[in-house]
Amino acid sequence: GREAEYRDVVNKCVEWCGLNHLQLATNKTKELVVDFRRGTSLSPVSIIGVSVQVTQEYKYLGVYLDSKVDWSRNNEALYKKGQSRMYFLKRLPSFNACSAADVLSISGGQCHVLCCCLLE
């Protein structure tokens with residue numbers, strides 16, 4: 001079924017990499033399985049005789065992906081990053097870097113900071 005097709009695609013990718021003189025870092029490779037079926041156990045993929053580690057969560061390009069397609073971990077990371085940036089924005093007046101007319105407008109879920117900084 002689908003598992004055999006998936007393993008065939010992985011094997012073709014490994015073969016293509018070999019033909020194009022590309023080395024795969026199998027010790028760094030991880031597999032994230034998203035499977036909503038109940039009671040299924042999948043054996044790990046083997047690349048060049050090395051079993052690939054199966055993981056439940058993976059960070060790719062700053063986005064946290066998990067096997068349950070749950071975005072809570074990613075949302076927590078974004079919230080934490082936003083909180084740390086807001087802290088420094090709140091601290092700007094204490095350094096006399098900006099005037100009191102700083103404007104913080106929130107639109108479309110993104111913070112846009114308009115700061116008229118006049119350094120004397």
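I took helices (H or I, at least four residues) and strands (E, at least two) as DSSP runs, numbered from the N terminus. The model is predicted, so I kept local features only at pLDDT of at least 70 and side-chain atom pairs only at pLDDT 80 or more, while totals for chains, interfaces and linings use all residues. I number residues from 1 along each chain as its sequence is written, and my side-chain values use heavy atoms, with hydrogens and water left out.

**Entry 1: backbone angles**

I looked up positive phi values first. Leucine 61 has one, about 50°, although it is not a glycine. I placed leucine 61 in the loop between β5 (57-60) and β6 (63-66). For accessibility I called a residue buried under 20% relative accessible area, exposed over 50%, and partly exposed in between (1.4 Å probe, protein chains only). Leucine 61 comes out exposed, at 74%.

Valine 69 also went into the notebook. Its phi is near 50°, again positive in a residue other than glycine. Valine 69 sits in the loop between β6 and α2 (72-91). I read 43% relative accessibility for valine 69, which counts as partly exposed.

**Entry 2: salt bridges**

Side chains of opposite charge can pair when their charged atoms come close. I counted a salt bridge when a side-chain nitrogen of Lys or Arg was within 4 Å of a carboxyl oxygen of Asp or Glu. How many salt bridges does a search of the whole structure find? It finds three.

**Entry 3: pairs in helix α1**

I checked glutamate 3 and arginine 7. Their side chains meet in a salt bridge at 2.8 Å, N to O. Both residues lie in helix α1 (residues 2-19), four residues apart, about one turn of the helix. Glutamate 3 is partly exposed, at 34% relative accessibility.

Next I took aspartate 8, which forms a salt bridge with lysine 12. The closest N and O atoms of this pair are 3.6 Å apart. Aspartate 8 and lysine 12 are both in helix α1, also four residues apart, about one turn of the helix. I found aspartate 8 partly exposed, with a relative accessible area of 37%. Lysine 12 counts as exposed, at 52%.

**Entry 4: strand to helix**

Which residue meets glutamate 57 in a salt bridge? I found arginine 73, with 3.5 Å from N to O. This pair links distant parts of the chain: glutamate 57 is in strand β5 and arginine 73 in helix α2, 16 residues apart. I noted glutamate 57 as partly exposed, at 35% relative accessibility. Arginine 73 is partly exposed too, with a relative accessible area of 34%.
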